[in-house]
Amino acid sequence: MAKSENIFSEKEIPAINMRVKQLIEYYTGGSVKQFSEKIKLASSQKLNRIFNIDKRNGEFPEVSSDILIAIANMYSEIDINWVLTGRGKMFLENTNLPPANTSADNTTIQLVNTITSQAETIGSVSYTHLRAHETKANL
């Protein structure tokens, strides 16, 4: 289990909350707001709460039944038994899995393209600089 990001707490985030977080990572690249919209929650606040210690009692809130039902209704390929208990696999077998969120993949592709372009420019500049030194040395 992951520890709370709250530096004043040593509490661990409950396993079910972490499994919901895994789903959020998979489907929206970690955006609680987008995931809330996808599962048609009225507000992302309710979902966001399960990842933060409640100041009133010092505990992480439990994942509510309406969140679990919304996930099950939106994503029929998810094994709800896995969400509830951690047993089995995230996805039911023999289902067509939707692609994971590709926004992170697109960012990576853009970065690789930028780096490649910059490397080509640096190589071109270095080659021109080297040729200039060779020409000067031959004079």
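Reader: Which residues does Ile71 touch, leaving out those up to four places away in sequence?
Author: In this predicted model, Ile71 touches Val20, Leu23, Phe35, Ile39 and Ile78.

Reader: And the largest nonpolar core, which residues have the most contacts inside it?
Author: Ile71 is one of them, along with Val20, Leu23, Tyr27, Phe35, Leu47 and Ile78. That core has 24 residues.

Reader: Which elements give two or more residues to this core?
Author: Helix 1, helix 2, helix 4 and helix 5 do. Helix 1 provides the largest share, 6 residues.

Reader: OK, helix 1 then. Which of its residues are buried?
Author: Ile16, Asn17, Arg19, Val20, Leu23, Ile24, Tyr26, Tyr27 and Thr28.

Reader: What do they pack against?
Author: The buried residues of helix 1 pack against helix 2 (32–38), helix 3 (45–49), helix 4 (65–74) and helix 5 (80–85).

Reader: How far does helix 1 reach?
Author: Helix 1 covers residues 15–28 and reaches 20 Å from its first C-alpha to its last, close to the 20 Å expected. Just after helix 1, Gly29 has a positive phi of about 65 degrees.

Reader: Switching to rings. How many aromatic pairs are there?
Author: There are 6. Tyr27 and Phe91 make an edge-to-face pair, 6.5 Å centre to centre with 75 degrees between the planes.

Reader: What about Lys21?
Author: Lys21 lies over the face of Phe51, 5.8 Å from the ring centre.

Key
Residues numbered from 1 in each chain as written. Predicted model: local features only at pLDDT ≥ 70, side-chain atom pairs only at ≥ 80, totals over all residues. Heavy atoms only, no water. Helix = DSSP H or I, 4+ residues; strand = E, 2+ residues; numbered from the N terminus. Expected span 1.5 Å × (residues − 1). Buried < 20%, exposed > 50% of the residue type's maximum accessible area, 1.4 Å probe, protein only. Contact = heavy atoms within 4.5 Å. Core = buried A, V, L, I, M, F, W, Y, C linked by side-chain atoms within 4.5 Å. Phe/Tyr/Trp six-rings, centres within 6.5 Å; stacked < 30°, edge-to-face > 60°. Lys NZ or Arg CZ within 6 Å of the ring centre and 35° of its normal.
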